[in-house]
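Here are my notes on this model, written as numbered points for you to read alongside the viewer.

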Amino acid sequence: MGRAFEFRKERKFKRWAKMAVQFTRIGKEIVMAVKDGGASPDTNSRLRTAIQNAKAVNMPKDRVDAAIKRASNKDENGYEEYVYEGYAQHGVAVLIETATDNTNRTVANVRSYFNKTGGTLGKTGSLDFIFNRKSIFRFLPGEKDLEELEFELIDSGLEELYLEADEEGNDIAVVQTAFEDFGKMQKALEDQGLEMKSAKLERISLSTTTVTEEQAADVFKLIDKLEEDDDVQAVYHNMAE
């Protein structure tokens, strides 16, 4: 079997590990959504979005149902959401979104990751001038006329509509709108009957920091540690691509 087999096996394990992390994060989002607005996706748009995102990463239905059932139990603790901000090496800004049932553990872990990789954890709000929160929707364009769709979505707060490639090289349409227009745009896209891939609130960097390949490797040591933490939901940085 040799090296080719080992390479394929390693890639498969990495893919499984990535899926497990995605399932954990979406499971938390489902729990928070149910605690926030109830167990019916028909009346809870946040839950409807979380289920939609679960389908996009092929999360098994039984795991989705189990998360909803668990969250519906009044004795089940929910999660608190916290944002941490700081700088990695070489002046790269890093923002971390977390969902935790133990804030002391989470902040201690996040601080240790920064310390161990030569970074500095900052105060909340210190990166407001670098990151802007946006509503980002991704869907399969199919035969849809994107120019016509763009016109139809303007009244729902559309800021940008563009195409990007997924991991398999397929075209994915991306809609960007303001943070506060998430619900309005979600309904507009649902009314269009589009096959959604994901619907998220993401942090978009307003300025970037240019680094060398070697410096980027230093920064990714921090990002990798953060993304491996079970309490971390998302990590954003402003390294120039």
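1. Contact here means heavy atoms within 4.5 Å. Axes are lines fitted to C-alpha atoms, for helices over the stretch in contact, and angles run from 0 to 180 degrees between N-to-C directions. Helices (H or I, at least four residues) and strands (E, at least two) are DSSP runs, numbered from the N terminus.

2. A word on what you are looking at: this is a predicted model, in which local features need pLDDT of at least 70 and side-chain atom pairs count only at pLDDT 80 or more, while totals for chains, interfaces and linings use all residues. Residues are numbered from 1 along each chain as its sequence is written, and side-chain values use heavy atoms, with hydrogens and water left out.

3. How confident is the predictor? pLDDT is its confidence in each residue, from 0 to 100. The protein chain has a mean pLDDT of 89, with 92% of its residues at 70 or more. Confidence is highest in helix α4 (residues 103–116), at 97, and lowest in α1, at a mean of 67. Over residues 1–16 the pLDDT is below 50, and this stretch has zero contacts in the model beyond near neighbours in sequence. Where pLDDT is low, the predicted coordinates should not be read in detail.

4. Glu160 has Gln176 in β6 as its bridge partner. The two strands form a hairpin with five residues between them, and Gly169 in the turn has a positive phi of about 85°. On to the next pairing: β4 and β6 are antiparallel over six bridges, and Phe137 stands opposite Val175 in β6.

5. Which aromatic residues form a pair? Phe137 and Phe182 do, in a tilted arrangement with 5.0 Å centre to centre and 35° between the planes. The rule is that rings of Phe, Tyr and Trp (its six-membered ring) pair if their centres lie within 6.5 Å; planes under 30 degrees apart count as stacked, over 60 as edge-to-face and the rest as tilted. By this rule the count is one aromatic pair. The pair links distant parts of the chain, with Phe137 in strand β4 (residues 131–140) and Phe182 in helix α6 (residues 182–191), 45 residues apart. Phe137 is buried at 0% relative accessibility, and Phe182 is buried at 16%. (Buried means under 20% relative accessible area, exposed over 50%, partly exposed in between, with a 1.4 Å probe and protein chains only.)

6. The other sheet is also open, with four strands in the order β3-β1-β2-β8 and antiparallel pairing. β3 (120–121) and β8 (232–237) stand at its edges, each with a single partner strand, so one side of each has no neighbour in the sheet. Helix α7 (residues 213–227) packs on this sheet, touching β2 and β8, and its direction makes about 160° with that of β8. Strands β1 (residues 80–87) and β2 (residues 93–100) are joined by eight bridges, and Glu85 stands opposite Leu95 in β2.

7. Two residues deserve a look for their backbone angles. His90, in the loop between β1 and β2, has a positive phi of about 65° although it is not a glycine. Asn58, in the loop between α2 (45–56) and α3, has a phi near 60°, also positive. His90 is partly exposed at 32% relative accessibility, whereas Asn58 is exposed at 61%.

8. Leaving aside neighbours within four places in sequence, Lys28 is in contact with Tyr79, Ala99, Asp230, Asp231 and Gln233.

How values were computed
Two strands pair if DSSP finds at least two bridges between them. pLDDT is the predictor's confidence in each residue, from 0 to 100.
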